[in-house]
Amino acid sequence: MGCKCKLTAVLILIGAAYVYIKLKRAPLEVPVIEEKWWAAGPPREEDPTVRPFKINVPKEVIADLKRRLDTALPLQPPLEGVNQNYGINGELLGNIVDHWKTKYDWNKQQEFLNQFPQFQTKIQGLNIHFIHAKPKTVPQGVEVLPLLLIHGWPGSVREFYEIIPILTTPQKGRNFVFEVIAPSLPGYGFSDAAVRPGLNQAQIAQLFNKLMKRLKFDRFYAQGGDWGSAVSHDMAILYPENVIALHRNFCFAYEITNWKAYVGMYFPSLFFSEKEAAKIYPLSDAFNFIMLESGYLHIQATKPDTVGVALRESPVGLAAYIIEKFITWTDPQWKDLPDGGLTQKYTYDKLLDNVMIYWVTRSITTSARLYAEANSKSYRSLPLDKLPINVPAGCIRFSNELLYSSEVLLREQHPNLIHLSDAEGGHFAALEVPEVLAQDIIEFVGKVRTLPPKTNSKEL
């Protein structure tokens, strides 16, 4: 009993010290992100042209892929009964590769990937690729709203092909519909990679804000998961005059809430509901899960070019590295299944579309570098993880998401959190449960549009 009282006193002192320091500390200012030239050579006059783009992979690239698949060494047989607990096993990967070689039709899939209007435009030296999909019909009285959708790793714009038709179709009882702008992150897919270090998520936020302005959208909604969540987070802080509201499906509390998370370890009922506490604690379970699923992160944050060499050389290795994440990040229990559970939510064609985008553009190394940039001293010196998001914000927490934050912690970082929901699903929500994610975005935007002027003073 005496130890518990002492512990309580210590925690009270820690909390009081935190509040005192917070009140005494000068308010942090939103940083100004330096505009840099990311292409080779010195900065040149920007070409603002927005050019139509179609995916058109040379036949030689596909022939080379076929040769590599046909001559790949036999896969390592898995240990008995491990299923996917040692990573994607040879039997499952063999089935996927066999489908790739005998059933996957790139010509057909390339046509599928070209179904939406796509464009490129140069911003700060880089060709930025994006989908720009508009509603086919707009009933009278329905307003078209710009929505920026941002993907993450190891995904691509392929994640959005099932959700875009929902978002661009007028919904019964709603007086708005979206036109969707879905860019490929720099260094991913059909967007150019930087030639020098420093292109972190804040710099990408700057590029994408410029992209929206170039498309004549001074005000727009932003949505993201994974890296898309991080980029849109920075956009909302850096450019609140442009971001009308922010919706994310990978919401988590940054450094601003650390003390509550710490105290919550001992007194969870102070900050978490019973349901939330069960998701967060015991910390040993959460720690074990992160340890199991974050090995790639440490490699890519420190040695992205080294792992990139192997992944650029072997399409089978690339498929293993990427598709394994669609197993455990969709449902951690799938690692105990012989087939990895993949066909419960996906098809091999969908998964291979995503792998192909990385393969034909040779972008796996440049995509991995974003982890190093995000963990660089230059990015971490910015106070973005300590600043609140003041624009209207919404979050959907999926049951199998990699990280989970309680409502109290989220409200600490999002003072204007007007929407919070929970749903079944995993990390790749746009691809796994597009209808669920789309309806949550629509519900959130509906709430934003009813806010009083004093809450959201600019026209929505």
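**Notes on the largest cavity and the residues around it**

1. Start with the largest cavity: β6 (220–224) and α19 (429–432) each give at least two residues to its lining. Helices (H or I, at least four residues) and strands (E, at least two) are DSSP runs, numbered from the N terminus. What you have is a predicted model, in which local features need pLDDT of at least 70 and side-chain atom pairs count only at pLDDT 80 or more, while totals for chains, interfaces and linings use all residues. Residues are numbered from 1 along each chain as its sequence is written, and side-chain values use heavy atoms, with hydrogens and water left out.

2. A word on the cavity rule. Rolling a probe the size of a water molecule over the atoms shows where empty space is left. Here a cavity is a set of points, on a 1 Å grid over the protein atoms alone, where a 1.4 Å probe fits but cannot get out; lining residues have an atom within 4 Å of a point. Grid points are joined across faces, edges and corners, and a volume is the space filled by probe spheres set on the points. That gives three cavities of 30 Å³ or more, and the largest has a volume of about 110 Å³.

3. What lines the largest cavity? There are 16 lining residues, and Glu159, Gly225, Asp226, Asn249 and His427 lie nearest the centre. The lining splits into seven nonpolar, seven polar and two charged residues. (Ala, Val, Leu, Ile, Met, Phe, Trp, Tyr, Cys and Pro count as nonpolar, Asp, Glu, Lys and Arg as charged, and the others, Gly among them, as polar.)

4. The UniProt entry, which is unreviewed, lists Asp226, Tyr371 and His427 under "active site". From this set, Asp226 and His427 are in the lining of the largest cavity. Do keep in mind that UniProt positions are given in the numbering used here, that feature names are shortened, and that annotations may be inferred rather than shown by experiment.

5. Asp226 sits in the loop between β6 and α7 (227–238). It counts as buried because its relative accessible area is 13%; buried means under 20%, exposed over 50% and partly exposed in between (1.4 Å probe, protein chains only). Beyond its neighbours within four places in sequence, Asp226 is in contact (heavy atoms within 4.5 Å) with Gly152, Trp153, Phe250, Trp329, Tyr371 and His427. A polar atom of the Asp226 side chain lies 2.8 Å from the backbone nitrogen of Trp153.

6. His427 is in the loop between β9 (417–423) and α19, and at 4% relative accessible area it is buried. Leaving out residues within four places in sequence, its contacts are Asp226, Asn249, Phe250, Trp329, Asn400, Glu401 and Leu402.

7. Trp153 turns up again at a cis peptide bond, which joins it to Pro154 with omega about 0°. Most residues other than glycine have a negative phi, and most peptide bonds are trans, so this one is worth a look. Pro154 itself is in the loop between β4 (143–150) and α5 (164–167).

8. A polar atom of the Tyr358 side chain is 2.6 Å from the backbone oxygen of Gly155. Tyr358 is buried, at 2% relative accessibility.

9. Lys216 is in the loop between α6 and β6 and is exposed at 73%. Arg362 is in the loop between α15 and α16 (364–374) and is partly exposed at 26%.

10. For the overall picture, the protein has 20 helices and nine strands. Of its 460 residues, 55% count as buried. Among contacts between residues at least 6 apart in sequence, 81% join residues at least 24 apart.

Technical notes: On a 1 Å grid over the protein atoms alone, a cavity is a set of points where a 1.4 Å probe fits but cannot get out, and a pocket is an open set with protein on both sides within 12 Å along at least five of seven lines; lining residues have an atom within 4 Å of a point. A polar contact is a pair of N or O atoms within 3.5 Å; within protein, one must be able to donate a hydrogen and the other to accept it, and residues adjacent in sequence count only if both atoms are side-chain atoms.
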